[in-house]
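Please look through the sequence and the model below before reading on. The paragraphs that follow take the strands and a few single residues in turn.

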Amino acid sequence: MLNILIIIAVIVIANYAILNYYPAFGGKHTEKRKSIYAKSPQYRNGKFANQIETSWDTSLSSMISMMQDFLKGNSERRPGAPLPMATFAQPLQKGSATKVTWFGHSAFLLEIEGKTILFDPMFGKAPTPFPIRNQRYSRELPLKIEELPVVDTVVLSHDHYDHLDYGSIMKLKGKVKNYVVPLGVGAHLERWGISPEMIQEHDWWDGLSFAGLQFACTPARHFSGRSLTDRNATLWCSWVIIGQETKVFFSGDGGYGPHFKEIGEKYGPFDLTLMECGQYDARWAAIHMLPEETVQAHQDVKGKLLVPVHWGAFTLSLHAWHDPVERAVRAAEESGVDIVTPRIGETFTVSLDDYPKSAWWRMNKA
């Protein structure tokens, strides 16, 4: 009995130590911070919440069906070979046209009016605090973080591991001038040694100016959290970026909802949208759009060019790894939407009609 109690005590102490001292879990909020967040219309009963009811099927029958789907296996949940990648182009010179480079999943570099903006820079091997399983499809990235130009600002949509990666942030330190994040996410960055003076936290519908550009923190329909104890302790969002000649929208993660039309009415039309289209399932569509909804959301915000993101790097759902882009392309063609399908690491110019549209992923289905 004594030995059992000792083992239980060791397990409890180890779990406490990991949750409180392992840096990848991020920071915690002080009571002072919570009192500030309490002023937000999104903050209710000590947690952030969505505009509309957002839940997913957690019934016993749903859990059983998911387990059955998982146990069935699917050889196409991961590509059969490393994905093809383009050589990362060097950054633009000041005053050049707007360009975008996608690095897989939701990480991309926006070069606009001589500024470099890096979104959701997850460059790690796996989207977990302990990167042992669920490795990135491509064994390498099209660049080393050290090769990135100086980044004017890093923009984050929320604090999930597939968007906010501890290792990537640590490697980027010294290359980034500023961080723009939704409410609460700054605590993670501060724990990792980022100066509070470099962090701007924002609520939905906040507008801000930075480096001659206009930003707006806009709604998304999702959730947040990095451990068992911090569910919805931070806000999630989408982002609007407005330059002199180009307007860009990034959806972040989330389910389809009325917020897209609201954003389109307030800030559209957009020259380019980068919209989530992967890691979905009908059983949790409230927090991750289906690809057909991705195309509809693009139309709702009044977008011109659509880049489907949140795919091509990790397996976080039960669908085939290439299903998101296949379904998004098909829905876009049916709706008359111009869709851009760059390879990982490929840079394209927003204002040119000669944008990437090859079905490069089909070579990696086997």
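Predicted model: local features only at pLDDT ≥ 70, side-chain atom pairs only at ≥ 80, totals over all residues.

In which sense do β12 and strand β13 pair, and over how many bridges? β12 and strand β13 (residues 270-276) pair in the parallel sense over three bridges, where two strands pair if DSSP finds at least two bridges between them, and where helices (H or I, at least four residues) and strands (E, at least two) are DSSP runs numbered from the N terminus. Residues are numbered from 1 along each chain as its sequence is written, and side-chain values use heavy atoms, with hydrogens and water left out.

I242 stands opposite K247 in β12, while V248 has L272 of β13 as its bridge partner. K247 and F249 point one way from β12 and V248 and F250 the other way, and all are buried, that is, under 20% relative accessible area, with exposed meaning over 50% and partly exposed in between (1.4 Å probe, protein chains only).

Another part of the model holds an open sheet of seven strands in the order β8-β7-β6-β5-β4-β3-β16, with mixed pairing. Because β8 (199-202) and β16 (347-349) each have a single partner strand, they stand at the edges, and one side of each is left without a neighbour in the sheet. Strand β3 (residues 99-102) runs antiparallel to β16 and is joined to it by three bridges, with K99 and T349 as bridge partners.

S138, in the loop between β5 (115-119) and β6 (153-155), is buried at 5% relative accessibility, and S138 touches L83, M85 and I344, not counting residues up to four places away in sequence, contact meaning heavy atoms within 4.5 Å. A89, in the loop between α3 (60-72) and β3, is partly exposed, with a relative accessible area of 34%.
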